[in-house]
Structures are given as structure tokens and as C-alpha cells.
Amino acid sequence: MTVTSIPDTASSAQTARVAPPSLDELWMPFTANRAFKRAPRMLVAAKDMHYTTADGRQVLDATAGMWCVNAGHCREPITAAIREQAGVMDYAPPFQMGHPLAFELAQQLARMLPGDIDHVFFGNSGSEAVDTALKIALAYWQAKGEPQRVRFIGRSRAYHGVGFGGTSVGGIEANRKQFAAQLLPVVDHLPHTHDLARNAYTRGQPQHGAELANVLEELVAKHGAHTIAAVIIEPVAGSTGVLIPPKGYLERVREICDAHGILLIFDEVITGFGRVGASFATEKFNVIPDMITLAKGITNATVPMGAVCARHRIYDTVVNGASAGIELFHGYTYSGHPLAAAAGLATLDVYRSEGLFERAASLESYWEDAVHSLRGSPNVIDLRNIGLVGAIELDPRPGAPGTRGFETFVKCFEAGVLVRSTADTIALSPPLIVERNQIDQMFEVLGRALRTVG
Ligand SMILES: Cc1ncc(COP(=O)(O)O)c(C=O)c1O
């Protein structure tokens, strides 16, 4: 491309924002590119609970973007902090250099987390947080003199992002198939806990399924605890359709890990920051892991950021146990980026000053009733909820799985509500600032969509 062919962005910016000159060049992630480009759904602005579409419609956000805009869109204290930081220091190298905001954010996060989870390693996404946590687990066992502990145990129907580590411990076949030849070799999966036969239409945590954790004992018996580095679990699996842990399940996983000295990682990329009706899932379910991965709500999704939060002894073993020099050969150009750190601090401030986690908890029963009001709607086979998360599972069409869910998502979008479809489950997770009348609107629109999709 010659210099003269670069478009005049200053004059075309406004038009480009509403109608891009071309849809061809962008390769969209996790998207049916060809279908999308034939019938695009374009968002151009956002404020509080609403998106604005390219054709000027207001769309109520029932998914907090993608489980991440917990304080609502374009919140002034957060955008102002980002703007201000951009003018003070745009970037600082994170290797062998520091800047105060990253330290301050790490301290604030450590104070929010339970037990001795008091050290924080920053990256830029949930995927990076997961891969970082897996690497920290390996580094920990090496430093402890048990380098043979290399096996990771994930779960079926888990989503841990798209790095090779996260894809390997993840349990979504479609995500693994194209890359199966090169996934991590020493990985096992526990079964998922979704059990419609026993638990359909449960409000909150299901009664049945804690015993599924015992499969971990079988894996220990098969491979030997001395070979297992870590178990990674989403306390509530989000991306595969809101799978809520049965009562006693997470406790049992923790017990088995403790019995065999295995590290337990909670992937709280979705469940963190008030989403499940407590600050974090670890608090909601009263089970403390050894590491927690965070992303999404950490900056209210304004600037990409992810984090691994580790127990004191993990940091101590890897860092203080090492000889002089770099202790962990891992990090990102943008670890603790100043704009992300500024956004994170401002976000935590909004969460605190507006009491948003408590607000989510106080809305939980209203939300639960709203979710379960769809009982009896066409093709609904399950409704479930926890905190400000809900799921509507639809009976898949014979021979065309996923189409009913996707059409419901499109119908809702056309009717002014953004929901998320994952296969034939509609997942809901509104910003924590949602009002009751907005909850009503979401479920009215959903009810109508379900009646028309058929
Ligand atoms: C539980 C969980 N872990 C990891 C990820 C990956 O996060 P990212 O898309 O920021 O890489 C996600 C994303 O949805 C997630 O839900």
C-alpha cells in the first residue's frame, strides 16, 4: 500500500463509525463470518444499560457485553480515569520497571480476595490469565522439588479461553477439534455436572451431582497424585450455558485436592466482580482455591486486562525460593498496562462506591422469579439462575442443533434486547446496575421471541 492510499481518517471517521466502508477484511472471532457479513448486526455506541445500533435503535444489554461490563457502559469515572492516564503516561515497560498504578491495583485486588490469596500477576485477557496460572502451577512444583507434577485436570464443557493451555484444559469439543494434534499432552477432564434429568428448573444450586467430584479420586488413583499439578474449574461454567455447581461439589473438589496436595484453580473470569451475587464465586460458595484467574469485569471491559491471583505460599515458593535473578520466565509487553491499571482502579471504585456487588445480591430473587417466569414457554427444557446470571435451555431441533438458540438471539436483538446464545441455551448476565423494569423488559421480549421462533 502506498502512503497516498491511506484513507483520510479524520474526515471519514464519523461515517466509518456508523457504516464501515467494507466488511471484507476483518476476520471476525468465533463468528460465522459469511453469514454475519450477509446480515451484519452493528453496534456503534453504548451508555449504561443500552447499546445503540448502526440504524439508531436502543438495545437493552442483557449480557453485560460478554459477561464483562458489570458497572454498565461508558461510566464517566472509568472513562475519565483512562483519558487522564493516557495523557500522563501512556505506557511503561513491565519487565524490570514498574509504575505505581499496577502495584496499587494488585494491592486492592489482594485485599478483596479471601484467605492468603495475596499476589497478583497481570496479563491482558482471560486466556492469558489461564495460561499464566497453568505455568505458575508448573513453576511452583518445580520450585518445590516435585517437577514430575505436570498433569492438569480440567472439565468437560469448560471454557478457559483460547491459548493452547486453556484450550487443552477446556472441554468444548468444537474448540479443540481443529487444534487437537498439538494440544497439551498430559491433561484429563472431569465430567461436567449438568444433569437435566435430576436438576431441571432448579433455583440456585442444584441438589444432585456432588458425587461427580469423586471422579477426581479415580484420576488420582489412575495416575498418582504425585503426577498432578493442578485442577482448574469454572465455579459456574458460563460459556457452555451456565452450569451451576451442585451443592457440595466444589467443597468435595477442594477436599480431594487438599488430600493429595493438588493445586486448585478457580477460573473466575466470568464469576468475578459481583456476577454471582457476591464479590467472587469463592466467597459465594465458600470454597477457597489456590489461584484465581480474573479478566472481564476487572476493568469493566474498558481496557483489556487479565490477572492471576495466587496464594502467598505459591509466590513465596516460586519467588523467594529462587536464587537471585528472574524467578518466573513469563510476562507480557502489556502486563499491568497503565491504562488498564487506571481503568481497574476506577472500576473497583465504582463497584465499591455504588455497592454494586450488594446490589446484585439484592436483585437475585427478583431475577430468579423473572427467569423462572418463562417456565412453560415453547421448547424450554430448563431454566436456571445464580446471582445475576440466568439460562434458558431450549430443546434442540432434530438435526439442527443450535439453530433455535441462535434464532432466539436474533429475534431478541431485533426486538431491542441483547442476549447470548450458546448452542441452544440463552445465557443472560446483565450489568449489575440493571433496574427491575429492565429485567421485566428482558423477559417480556424473550417470552415473545420464544413464542415466535418455534
Ligand atoms: C471462564 C473463562 N475463562 C477464560 C476466558 C477467556 O477470556 P478472554 O476471552 O478474555 O481471553 C473466558 C471468556 O469468556 C471465560 O469465560
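Predicted model: local features only at pLDDT ≥ 70, side-chain atom pairs only at ≥ 80, totals over all residues.

Me: Which residues surround the ligand?
Reply: The shell consists of Ser125, Gly126, Ser127, Tyr159, His160, Gly161, Glu234, Ser239, Asp267, Val269, Ile270 and Lys296.

Me: How do the residues of that shell divide into nonpolar, polar and charged?
Reply: Three residues of the shell around the ligand are nonpolar, six are polar and three are charged.

Me: Which polar side-chain atom lies 2.7 Å from a nitrogen atom of the ligand?
Reply: That atom belongs to Asp267. Lys296 also takes part through its side chain, with a polar atom 3.0 Å from an oxygen atom of the ligand.

Me: And what about the backbone: which residue has a polar backbone atom 2.8 Å from a ligand oxygen atom?
Reply: Gly126 does.

Me: What percentage of the ligand's exposed area does the protein bury?
Reply: The ligand exposes 390 Å² when taken alone, and the protein buries 84% of that.

Me: Changing topic to aromatics. How many aromatic pairs are there?
Reply: The count comes to eight aromatic pairs. One of them is formed by Tyr140 and Trp141, with 4.8 Å from centre to centre and 70° between the planes, an edge-to-face arrangement.

Me: Are those two residues buried or exposed?
Reply: Tyr140 counts as buried because its relative accessibility is 1%, below the cut-off of 20%. Trp141 is buried too, with a relative accessible area of 3%.

Me: Why is the pair of Trp367 and Phe443 called edge-to-face?
Reply: The ring planes of Trp367 and Phe443 stand at 75°, with the centres 5.4 Å apart, so the pair is edge-to-face; the angle needed for that label is over 60 degrees.

Me: Where in the chain do Trp367 and Phe443 sit?
Reply: Trp367 belongs to helix α15 (residues 356-372) and Phe443 to helix α17 (residues 436-453). The two are 76 residues apart, and the pair thus links distant parts of the chain. Trp367 is buried at a relative accessible area of 0%, and Phe443 is buried at 5%.

Me: Which residues form an aromatic cluster?
Reply: Phe273, Phe280, Tyr351 and Phe357 form one aromatic cluster.

Me: Now backbone geometry. Which residues other than glycine have a positive phi near 45° or near 60°?
Reply: Ala64 has a phi near 45°, and Val242 has a phi near 60°. Most residues other than glycine have a negative phi.

Me: Where are they, and are they buried or exposed?
Reply: Ala64 lies in helix α3 (residues 64-67) and counts as buried because its relative accessibility is 0%. Val242 is in the loop between β7 (228-233) and α11 (249-260), and Val242 likewise counts as buried, at 0% relative accessibility.

Me: Next, Thr299. Where is it, and what does it touch?
Reply: Thr299 is placed in the loop between β9 (291-294) and β10 (306-311). Apart from neighbours within four places in sequence, Thr299 is in contact with Ile78, Met305, Ala340, Ala343, Gly344 and Thr347. At 1% relative accessibility, Thr299 counts as buried.

Me: How many Å separate the C-alpha atoms of Thr299 and Gln108?
Reply: Those C-alpha atoms are separated by 13 Å, and the two residues are 191 residues apart along the chain.

Me: What about Ala342: where is it, and which residues does it touch?
Reply: Ala342 is in helix α14 (residues 338-353). Not counting residues up to four places away in sequence, Ala342 touches Ala81, Gln85 and Leu101. Ala342 is buried, with a relative accessible area of 8%.

Me: Last one, Thr425. Which strand holds it, and is it buried or exposed?
Reply: Thr425 is found in strand β15 (residues 425-428), and Thr425 counts as buried because its relative accessibility is 4%. Setting aside residues up to four places away in sequence, Thr425 touches Gly241, Arg384, Ala391, Ile392, Glu393 and Arg420.

Terms used. Residues numbered from 1 in each chain as written. Heavy atoms only, no water. Near = heavy atom within 4 Å. Polar contact = N/O pair within 3.5 Å; in protein donor to acceptor, adjacent residues only side chain to side chain. Areas by Shrake-Rupley, 256 points an atom, 1.4 Å probe, with all protein chains shown as cover. Nonpolar A, V, L, I, M, F, W, Y, C, P; charged D, E, K, R; others polar. Helix = DSSP H or I, 4+ residues; strand = E, 2+ residues; numbered from the N terminus. Buried < 20%, exposed > 50% of the residue type's maximum accessible area, 1.4 Å probe, protein only. Contact = heavy atoms within 4.5 Å. Phe/Tyr/Trp six-rings, centres within 6.5 Å; stacked < 30°, edge-to-face > 60°.
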